[in-house]
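Dear colleague,

Please find below the structure that I am handing over to you.

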Amino acid sequence: MRIPKKAVLFFHRKEGERISNRLAIGQFVKGEFIISLLENSSLEALKAKGLSPNECITFYDERHTTGTDIPLPISARAIMTCNEKIKL
């Protein structure tokens, strides 16, 4: 059974910061894309926003592909994009 996606998890760079290091949730609310920051990457922080890992798409930028602990459902799938400059 497919669960509709309600939000995207991604690393956000606040205005004035040079590095995107804050885990955020992006959601469309009444046609407007709203970004809210999470306290951390725990399941509890996600649940506090009224979401479960099954309801989210998670985007990892190149900097956060290793060492990031974000809860994912057991049925999660991955898509990887790369170009000729990325070593596999």
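I begin with Phe11, which lies in strand β1; helices (H or I, at least four residues) and strands (E, at least two) are DSSP runs, numbered from the N terminus. Please note that this is a predicted model, in which local features need pLDDT of at least 70 and side-chain atom pairs count only at pLDDT 80 or more, while totals for chains, interfaces and linings use all residues. Residues are numbered from 1 along each chain as its sequence is written, and side-chain values use heavy atoms, with hydrogens and water left out.

Phe11 counts as buried, at 14% relative accessibility. Buried means under 20% relative accessible area, exposed over 50%, and partly exposed in between (1.4 Å probe, protein chains only). The C-alpha atoms of Phe11 and Leu38 are separated by 10 Å, and the two residues are 27 apart along the chain.

Both Phe11 and Leu38 belong to the largest nonpolar core, which has 11 residues. A nonpolar core is a set of buried Ala, Val, Leu, Ile, Met, Phe, Trp, Tyr and Cys residues joined through side-chain atoms within 4.5 Å. In soluble globular proteins, nonpolar side chains tend to be buried together.

Strand β2 (residues 22–29) pairs with strand β3 (residues 32–37) in the antiparallel sense over 6 bridges; two strands pair if DSSP finds at least two bridges between them. In this pairing, Gln27 stands opposite Ile34 in β3. The two strands form a hairpin with 2 residues between them, and Lys30 in the turn has a positive phi of about 50°.

Glu55 is found in the loop between α1 (43–48) and β4 (56–58). Glu55 is buried, with a relative accessible area of 14%. The side chain of Glu55 reaches the backbone nitrogen of Ser52 at 2.9 Å. Leaving aside residues up to four places away in sequence, Glu55 touches Ile3, Pro4, Lys5, Lys6, Ala7 and Gly50, where contact means heavy atoms within 4.5 Å.

Arg2, in the segment before β1, counts as exposed at 82% relative accessibility. The C-alpha atoms of Arg2 and Gly26, residues 24 apart along the chain, are separated by 20 Å.

Yours sincerely

Definitions and conventions:
Polar contact = N/O pair within 3.5 Å; in protein donor to acceptor, adjacent residues only side chain to side chain.
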